[in-house]
Amino acid sequence: MDACPVTQAPGDPCAIVIFGASGDLTKRKLIPALYNLTSYGIMPEKFSVIGVARRELPDEKFRGQLGNDLAELGTQPVDPKLWDKFRDRIAYCQGNFDDPATYERLKDKLAESEKRLGTGGNVLFYLSVQPTYFAGVAEQLANHGLVQENDGHWRRVIIEKPFGHDLASAGELSSQLTRVLNEKQIYRIDHYLGKETAQNLLVFRLGNAVFEPIWNRRYIDHVQLTVAESIGIEGRGSFYETAGAFRDVMQNHMFMLLALIAMEPPTRFDGEAIRNEKVKLLRSIRKTTPEEALQSTVRGQYGEGMVGGKNVAAYRQEPNVNPNSTVETYAAIKLIIDNWRWAGVPFYLRSGKRLAQRSTKIVMRFKTPPLSLFGTNERDPIAPNYLIFNIQPDEGITFQVRAKVPGPSICTSSVRLDFDYSQFGERQPTTGYEKMLYDCMVGDATLFHRSDMVDAAWEAAQPILDAWENNKPKDFPNYEAGTWGPKAADELMARDHHKWWYPPK
């Protein structure tokens, strides 16, 4: 298959300022992603990277540390000549995030990089910091004139999730940010949406005439979204005790994937039109009563078990976790979308830690043919068609159909039509952040969350959170590590005569 011609033009000259530059995200994702963009030839020719963190660190030592991290954690071998070019554009600014002097030093660093490297006055600020610092850093940037846009120069701010802890706190964060920034300057990032298969959702359904006419309640029986992780909380006990599975993954990543799969076709293919349709979809999610919320949701917490052939501890035995914790490490919910396209079609979402294997999938289950014409001539039970978007770990798309088994008699069986990215030839190495960083540099906000999208997602989630808060679980832990979660999740599906889709072993 011929490669698609590269149409991306490098972004404008700019400085990229990373707050929290000594953290894991910087060394594992951001620097490798920026290096990859440079190797692809779509990084601006004139750019700089300025790291901001608390500890004292000379520029040269900071560059050396990033070089070592890139060699160890990068997604491709480091080209010495390319690294020398990249390395020369890196600088370090020491300071506390709440100290005004930090921002004066940063202003000097930006002026120096503009003069030496020609970054043109454009600045991307990446807040790789604890959410409690989002508003404070934005305010300090504004107080020191660092987000003011003059003479056609842009200033943009990327923030990581979580965007609030609930509906009220999300609204407060939005108010704090928009007091000092324009909404168009705020880029709320969701790295799940940077994955190839997630980006392919709209292309697949809107670019293929065979699918869009059947993308509705008449042909689709139900939809499943699964984000399963085999790992535990990875030393993040303090964070997880305040978040849980629902806030950590479902309310943000999974609701936004749901919006992509179920939204109406936009009037045009641009950022605002697509985000408008996402908001409409999220606002169409039926708000549940407390009783309905408890009936249509399941919570779980993992106990001891075996994962990858090794015994693992229960959640309550993890560091910095309350030994009597009622925080969920698993959540499964049933959602109904009240609009013309999806009326009566249930959407099932589940996410959990310490499950049987890592798997992120969207499964579209089509309705069963009204009449089985082949009687008992079935190698396996008559099954409906499934369209499966495999988002991770192995990206691709599978369509399960019915076909005749070779031989003289009529015997049918399910077969799979598979697409994976090897069909496009060798792929560029990625971290998942390249697309998001590039889009921010060129001002494309399509895959980023707008404030009304965040509000709409929290409005759908809040009744569930309230019901859970007022009805603490009494059976935790209720699933063994290394399994697919609590039995109640299977019972949730069984009440509707459905079953979860499980990846092939």
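**Entry 1. Overall size**

The radius of gyration here is taken over C-alpha atoms, and the globule rule is 2.2 Å times the number of residues to the power 0.38. I am working with a predicted model. I looked up the chain against that rule. For 505 residues a compact globule would have a radius of gyration near 23 Å; the chain has 24 Å, so the two agree. I then took the box along the principal axes. The C-alpha atoms fill roughly 80 × 55 × 45 Å. I also looked up the secondary structure: the chain has 13 helices and 17 strands.

**Entry 2. Helix 1 against helix 2**

Two packed helices are described by the angle between their axes and the distance between the axes. I looked up both for helix 1 (residues 24-40) and helix 2 (residues 59-73). Their axes come within 9 Å and cross at roughly 90 degrees. Angles of 65 to 115 degrees count as roughly perpendicular, and helix 1 and helix 2 are therefore roughly perpendicular to each other.

Which residues make the contact? From helix 1 I noted Thr26, Lys27, Arg28, Ile31, Pro32 and Tyr35. From helix 2 I noted Leu66, Asp69, Leu70 and Leu73. I sorted this contact by class: six residues are nonpolar, one is polar and three are charged.

**Entry 3. Rings**

Next I looked up charges over rings. Arg89 lies over the face of Phe47, 5.4 Å from the ring centre. Arg156 has its charged end over the ring of Trp154, at 4.0 Å from the centre.

I checked for cis peptide bonds. The bond from Lys161 to Pro162 is cis, with omega near 5 degrees. I placed Pro162 in the loop between strand 5 (155-159) and helix 6 (167-180).

Gln392 and Pro393 are also joined by a cis peptide bond, with omega about 5 degrees. Where does Pro393 lie? I found Pro393 in the loop between strand 14 (386-392) and strand 15 (396-404).

Last, I looked up phi of Asp151. The angle is near 55 degrees, a positive value in a residue other than glycine. Asp151 has its place in the loop between helix 5 (134-143) and strand 5.

How values were computed. Residues numbered from 1 in each chain as written. Predicted model: local features only at pLDDT ≥ 70, side-chain atom pairs only at ≥ 80, totals over all residues. Heavy atoms only, no water. Axes fitted to C-alpha atoms, helices over the stretch in contact; angles between N-to-C directions. Helix = DSSP H or I, 4+ residues; strand = E, 2+ residues; numbered from the N terminus. Parallel < 35°, antiparallel > 145°, perpendicular 65-115°, else oblique. Contact = heavy atoms within 4.5 Å. Nonpolar A, V, L, I, M, F, W, Y, C, P; charged D, E, K, R; others polar. Lys NZ or Arg CZ within 6 Å of the ring centre and 35° of its normal.
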